[in-house]
Amino acid sequence: MKEILSILSSQLIFNIRQNKNRETINIRYSLNKSCDCVLCLLDSLQYQKLVQKLTKIPKGLENILICAFTHYQIGNYLISAKYYENSTKQAEKLNKPLLLAATQYSLSKLHNHINNNYWDNNRDDLLIKRLKGISLEGTLRKVNRKDRQFITWIFNTNFFTTTFEQITILVSKIRDNYYNQLNGGHSSNSHVWLLINKYAELESFLTLNRIPYNRFIEFNELSKIFIDGLFLSHAIRSKESSKLNEFDDWTIQKILFYGKSSDIKMYFYRYEMAELKYTTSSTKDSTFISLVNNFLENPNIVIPQFENGGNANYRFWDHYMKIFNNILILLAIIDLDVKVVLITGERLFNFLEKFKSYDDSYIDNLELFLRRKGQMLNLPTLSNYLNLYSTDQIYHNSWYVNTVLKQIIEKDDKLILNQILQEELIKNELDICNLCKTEHYTPILPDIYRIINNKVFKNKIKDAVETKLTQKFKTNLYYEYAINDVINYKIFLDKFIEGIPTTVNHANLNYLSDFDNNQCLNNLINLCYKNNVNLKDPNYQAFRGKSDYYDWLLNLNDFDYKKFNPNWVTAYPTIYYYREFAKYPIIKHQLVKILSTEKNIKVEKALIEIVKAETEIFKTN
């Protein structure tokens with residue numbers, strides 16, 4: 001049975017439908033046939049073995065073509081062209097006109113890649129001249145008449161244009177089906193299965209005939225439409241036999257190889273998916289996770305092979321980083337077993353420790369993985385990810401570290417930091433950072449202070465902050481540590497007030513969606529609201545009479561509400577503002593009154609937060 005299913009899959013027969021209920025059943029299956037050709041090594045992401053094998057000279061026409069196509073896939077266009085030229089000579093020698101036509105077409109396609117990607121000493125002008133001079137018409141005359149129609153079909157790129165049109169139409173139908181079901185409609189069709197088959201036909205045609213076409217812009221655009229169709233079908237909420245109920249290893253592999261990370265995220269969020277349902281359709285060595293594991297093997301073996309000064313193959317890095325980004329996104333959005341995520345998360349960290357790259361584009365996608373799957377990781381693994389923040393500049397990113405800290409906090413565990421890391425964190429946060437060579441505007445020590453269980457380290461942080469503020473007072477430093485209860489806010493409050501400008505930029509008062517006319521004063525009021533400080537105190541007199549907005553904030557009870565602007569409640573949305581607003585029923589009354597006559601989404605959201613705060617106050621009392 002396994003052999004039969006494998007044969008059907010190799011013939012691009014992926015689904016069968018029952019006669020009785022018309023239910024479509026996925027029968028895609030692949031046997032674990034061992035192959036160590038360079039193309040299979042690339043498809044399985046075994047880069048270590050790939051770079052070693054590519055150094056060997058291939059023997060035999062088929063192996064030469066495979067090497068030519070593989071070098072094309074990883075951006076070694078010059079080497080690829082030389083292998084295709086070798087194949088052309090052998091095709092002529094063996095009198096194989098069809099193969100000759102295929103290799104000549106391939107070389108003509110490589111011309112643009114080589115002409116646009118090599119300069120100076122790396123440029124081979126003689127090769128470019130030879131490729132530009134290829135006459136496909138002359139090649140066509142060498143093909144016998146019965147095969148000319150087929151070769152003309154290739155030379156005119158009809159193999160692509162026809163499929164592009166068919167896939168575009170199918171995705172349009174799937175889109176109609178998606179929006180129809182949102183309105184309660186239902187349909188039964190085979191659009192998604194035809195979509196998969198059409199894409200598989202084209203991709204297999206290019207791969208099996210070693211035609212270098214899948215790095216062109218038009219193929220990338222086709223893949224984008226194809227992936228959009230898969231996500232659309234999967235997002236259909238009704239239980240239809242015509243929807244894509246789950247992704248398998250084949251569909252995931254195509255997304256991995258041909259998808260663009262920004263597009264994958266865009267479709268995932270556009271169709272409001274919670275996750276991608278996934279089931280393996282391959283044997284152990286060909287699953288998505290096995291591909292991930294292969295990729296995460298020691299990068300120090302792969303990297304030197306493609307770093308060679310001016311001869312560095314940056315096109316390989318485009319490919320490599322594309323795969324890496326897609327892996328991170330797919331790990332984040334696919335429904336995976338907890339154990340799988342835990343093990344993969346540990347392997348990913350081991351990879352990141354060794355992986356050195358000037359391209360930090362993957363940090364956002366790493367953050368997405370940690371944000372969505374961090375709760376499946378154990379505390380030691382999360383602590384390892386936190387360590388990266390202090391040891392590698394690429395991870396010196398507040399968005400990244402805050403996500404890791406949030407996952408640690410949500411696990412309700414107490415963070416344990418070693419002595420060296422403690423010292424590094426304090427120095428990097430309070431002095432010039434060794435990694436980013438500047439001072440941090442948004443520190444992470446307050447978050448760490450809240451979750452660590454080491455009282456000695458807590459006191460170290462507190463003492464270091466107070467010493468720093470005593471030596472040189474900085475308003476933003478004081479505020480961050482005072483609002484997070486690392487230091488007693490009262491100690492330096494007078495200095496904080498003295499450093500706040502009393503002027504107000506009135507121009508900004510008309511643009512409350514971008515309200516930021518006196519950030520320091522906003523922070524002061526936030527700190528006072530939190531600690532129940534009496535703002536009627538003479539210390540705050542200097543800030544009165546500057547604007548209706550601040551007069552309101554400084555005296556919520558006695559303010560003349562005829563001057564009240566409902567947008568004020570949206571200007572500085574903090575929990576302490578909402579809690580203070582909740583103490584004064586007149587504010588809620590004013591908002592309800594205004595919202596009864598006009599729609600304002602931001603004010604509506606603020607009112608909800610105020611009501612929540614009011615409920616919390618009621619429960620506490």
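Author: What follows takes the labels one at a time. This is a predicted model, where local features need pLDDT of at least 70, side-chain atom pairs count only at pLDDT 80 or more, and totals for chains, interfaces and linings use all residues. Residues are numbered from 1 along each chain as its sequence is written, and side-chain values use heavy atoms, with hydrogens and water left out.

Reader: Why is Leu45 called buried?

Author: Buried means under 20% relative accessible area, exposed means over 50%, and partly exposed lies in between (1.4 Å probe, protein chains only). Leu45 has a relative accessible area of 0%, so Leu45 is buried. Leu45 sits in the loop between helix 2 (38–43) and helix 3 (47–53). Helices here (H or I, at least four residues) are DSSP runs, numbered from the N terminus. Leu45 also has a positive phi of about 60 degrees, although it is not a glycine.

Reader: What makes Asp485 and Lys530 a salt bridge?

Author: A salt bridge needs a side-chain nitrogen of Lys or Arg within 4 Å of a carboxyl oxygen of Asp or Glu. For Asp485 and Lys530, the N to O distance is 2.8 Å, which meets the rule. Asp485 lies in the loop between helix 25 (475–483) and helix 26 (493–498), and Lys530 lies in helix 27 (residues 519–530), so the pair ties together parts that are 45 residues apart in sequence. Lys530 is buried, at 18%. Asp485, at 46%, counts as partly exposed.

Reader: How do you know that Asp263 and Lys224 form a salt bridge?

Author: Their closest N and O atoms are 3.9 Å apart. The limit is 4 Å, so the pair counts. Asp263 is in helix 14 (residues 261–270) and Lys224 is in helix 12, so this bridge ties together parts 39 residues apart in sequence. By this rule the count comes to 23 salt bridges.

Reader: Why does Arg315 have no salt bridge?

Author: The nearest side chain of opposite charge, Asp318, is 7.2 Å away. The limit is 4 Å, so no bridge is counted. For charge, Lys and Arg count as positive and Asp and Glu as negative; His and the chain ends are not counted.

Reader: What makes the link between Gln73 and Asn214 a polar contact?

Author: A polar contact is a pair of N or O atoms within 3.5 Å; within protein, one must be able to donate a hydrogen and the other to accept it, and residues adjacent in sequence count only if both atoms are side-chain atoms. The side chains of Gln73 and Asn214 are joined at 3.2 Å, so the distance passes. Gln73 lies in helix 4 (residues 61–73). At 12% relative accessibility, Gln73 counts as buried.

Reader: What makes a set of residues a nonpolar core?

Author: The set holds buried Ala, Val, Leu, Ile, Met, Phe, Trp, Tyr and Cys residues joined through side-chain atoms within 4.5 Å. The largest one here has 194 residues, and those with the most contacts inside it are Phe231, Tyr385, Trp552 and Phe581. Helix 17 (residues 314–333) gives the most to this core, with 13 residues.

Key: Helix = DSSP H or I, 4+ residues; strand = E, 2+ residues; numbered from the N terminus.
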